[in-house]
Amino acid sequence: MSTGPATAPAAGAATDEAALRKALATTKRPPRASAISAVLTFGWRGMLKVRHVPEQLLDVTITPVMFVLMFTYLFGGAIAGSTGAYRDFLLPGVLVLAVLFTTVYSGVSLNTDLTKGVVDRFRSLPIWSPAPLVGALLGDAVRYLVAATVIVVLGVIIGYRPEEGPLGVLAAVGLVVLFAFALSWVFTTMGLLLRSPNAVMNAGFMSIFPLTFLSNVYVQPDTLPAGLEAFVNANPVSHLVSACRGLMDGGLDSENVIVVLATAIALTAIFAPLTNRLYRRA
Amino acid sequence: MSAASPLAIDASGLRKAFDDVQAVDGVDLAVARGSIYGMLGPNGAGKTTTIRMLATLLRPDAGSARVFGHDIVSEADSVRGLVSLTGQLASVDEDLTGRENLVLIGRLLGLGRPEAKARAAELLEAFGLAEAAGRLVKNYSGGMRRRLDIAASIVVTPEIMFLDEPTTGLDPRSRNQVWDIIRTFAREGTTILLCTQYLEEADQLADGIAVIDHGKVIAEGTPAQLKASVGSGSLEVRLLDPEQRPEAERVLAQSLGATVNLEADPTALSVGCADADRGAEAVAELARSGVRIADFSVGQPSLDEVFLALTGHPAEEQTAEEAVAEEEAAA
């Protein structure tokens, strides 16, 4: 019930009053950070996180690596007649898959920030308000590139030789990363609507799995029942995979690229403003 | 930089509801520049929601507030340039090191890279975190994390600091360090709005206090006025032998001239007692009359007693609904 007598000032306090006074006195308010500088600073934060929490990267790259190895050697012979032929068919698809899986983490890490309270500080700073969200994309880009590199290097190790060479591979990676930026807004929206990082992870993978499995990553759509074939052909992920196959191995159909870019623009136009709106109110 | 208003915070009729819960129900505040102002109340009283509105993180449903003359809604960006917030959850990034956290905030506030680094080093030194500068914050103790949080709030000296329960969950030593820091800030002229559940904390630090309950300010004044309005503190005595309680009751009643409460514990008694000297006198009287005492204490009124006196109901734990509202506000 009762409180004790007033406690004496802490003996041997870890803070030094003179230094504190000096620290308070020496600041003059700098000019406001520009939007670009704020975005780059948040990008730097994203990269630091990749460095300090590399486990996250491991999680997202191990699954696609397992897919490449399992599908190629288990089913390659049965599906495509030879493991080599199936490997060449599968690899651009798994490149897409690996990077798109990683987009779920954009939502997970945004939700983690929200549960930790650090977002409160960011939102109370005098900065361009979407900067934390846009800056996080830069950190995400590092993850996407790592995931893509792992798959390409693994492919080369097991004998994949893209016909269009390194430039074709770079173009394909570029297109996938661009689409991933757009798709990541869907998961940041989810990250702001759901209550815990785990919930975001579950909901994210529950949507990304059907989206990537019901595509042409693993099999030719014309082997599927009619209804499913129609869905697979309409799935933008199928177009992205076809575009990547074209860019890496020749025979690019520009229609696929157009569908991919149009989808990316539509996703960004809807979900980026939605994310920003939810973030300001969070 | 700011309009010439004598008040750091001038709020009237602030209201905010979450779903069905009226978290803040018409709060008025007038906080003088350079003062430490305490908002005192139990969990779920609406303190955090009020602070979040003033820090531009939440838009009020009704009412208005000006921070250094700037409206918190229409001039939110100017307000953000003047305030810094130390939230209930430590507002630092656990996956970065202490130094990286401070450089990050410095860069976001417009410092150049070398200036941000130098400022981070200076603050880490001043807050006793120099040795831990390169460690990830998730490995910091509660006290270190809180000091880093406060350091992050003064990377650029703010005109006003919002501190939301800055010592909740800290051990007494860390708590005293945080109090010393807050006092230093106030001496240097920074205005501080402090939310707390502890009367002692408000008493130690604040020049003025608003007591908040169910989203309303139910009392306001200096700590001394508040305690006087609440009445006395109390003397509590526990006996070695419950058989002696009737005798103890008689002696205390006579000595202090007040009604003695018999507590649920058969060895315990309490009695209203404004002044420690008279309490000590009464305890001496007990000893002289042969009553054997296990322990006793004389205390200033606790938050429970303040609440009981002001509202007629104890500062009960928040209801489930209020907990949800507060959690949403904090999320």
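Predicted model: local features only at pLDDT ≥ 70, side-chain atom pairs only at ≥ 80, totals over all residues.
Biologist: Let's start with chain A. How many helices and strands are there in chain A?

Modeller: Chain A has eleven helices and zero strands. From the N terminus on, its elements run α-α-α-α-α-α-α-α-α-α-α.

Biologist: What radius of gyration does chain A have, and what would a compact globule of 282 residues have?

Modeller: Chain A has 24 Å. A compact globule of 282 residues would be near 19 Å. The C-alpha trace of chain A spans about 85 × 40 × 35 Å along its principal axes.

Biologist: What share of chain A counts as buried?

Modeller: The figure is 44% of the 282 residues of chain A. As for contacts in chain A between residues at least 6 apart in sequence, 79% join residues at least 24 apart.

Biologist: Now the interface. How many residues of chain A are in contact with chain B?

Modeller: On the chain A side, 43 residues are in contact with 58 residues of chain B. Four helices of chain A each supply at least two residues to that side: helix 1 (17–25), helix 2 (35–52), helix 4 (83–116) and helix 5 (118–123).

Biologist: Which helix of chain A gives the most?

Modeller: Helix 1 of chain A does, with seven residues.

Biologist: And what is the side of chain A that touches chain B made of, by class?

Modeller: That side of chain A has 23 nonpolar, nine polar and eleven charged residues.

Biologist: Over to chain B. What does its secondary structure come to?

Modeller: Chain B has twelve helices and 14 strands. Buried residues make up 52% of its 331 residues. Of the contacts in chain B with a separation of 6 or more, 68% come from residues 24 or more positions apart.

Biologist: Take the open sheet of four strands in chain B. What is the order?

Modeller: The order is 2-1-4-5, with antiparallel pairing. Strand 2 (21–32) and strand 5 (70–71) of chain B are the edge strands, and each pairs on one side only.

Biologist: How many bridges join strand 4 of chain B to strand 5 of chain B?

Modeller: Two bridges join them, and the strands run antiparallel. Strand 4 of chain B covers residues 62–67. B:R66 has B:D71 in strand 5 of chain B as its bridge partner.

Biologist: Which strands of that sheet does helix 1 of chain B touch?

Modeller: Helix 1 (residues 47–54) of chain B packs on the sheet and touches strand 1 (7–18), strand 2 and strand 4 of chain B. The direction of helix 1 makes about 120° with that of strand 1 of chain B.

Biologist: New topic: strand 6 of chain B. In what sense does it pair with strand 7 of chain B?

Modeller: Strand 6 of chain B pairs with strand 7 (residues 160–164) of chain B in the parallel sense, over four bridges. B:S84 stands opposite B:M161 in strand 7 of chain B.

Biologist: Which residues of strand 6 of chain B lie on each side?

Modeller: B:V83 and B:L85 are on one side, B:S84 and B:T86 on the other. All of these are buried, so both faces of strand 6 (residues 83–86) of chain B are covered.

Biologist: Last one, B:A126. Why does it count as buried?

Modeller: B:A126 counts as buried because it has 24 C-beta neighbours inside 10 Å, and the cut-off is 20 or more. B:A126 is found in helix 4 (residues 113–126) of chain B.

Biologist: How far apart in space are B:A126 and B:A264?

Modeller: They are 49 Å apart, C-alpha to C-alpha, and 138 residues apart in sequence.

How values were computed
Residues numbered from 1 in each chain as written. Chains lettered and ligands numbered in written order. Buried ≥ 20, exposed ≤ 12 C-beta atoms within 10 Å, placed from the backbone. Contact = placed C-beta atoms within 7 Å. Nonpolar A, V, L, I, M, F, W, Y, C, P; charged D, E, K, R; others polar. Rg over C-alpha atoms; globule rule 2.2 N^0.38 Å. Pairing = 2+ DSSP bridges. Axes fitted to C-alpha atoms, helices over the stretch in contact; angles between N-to-C directions.
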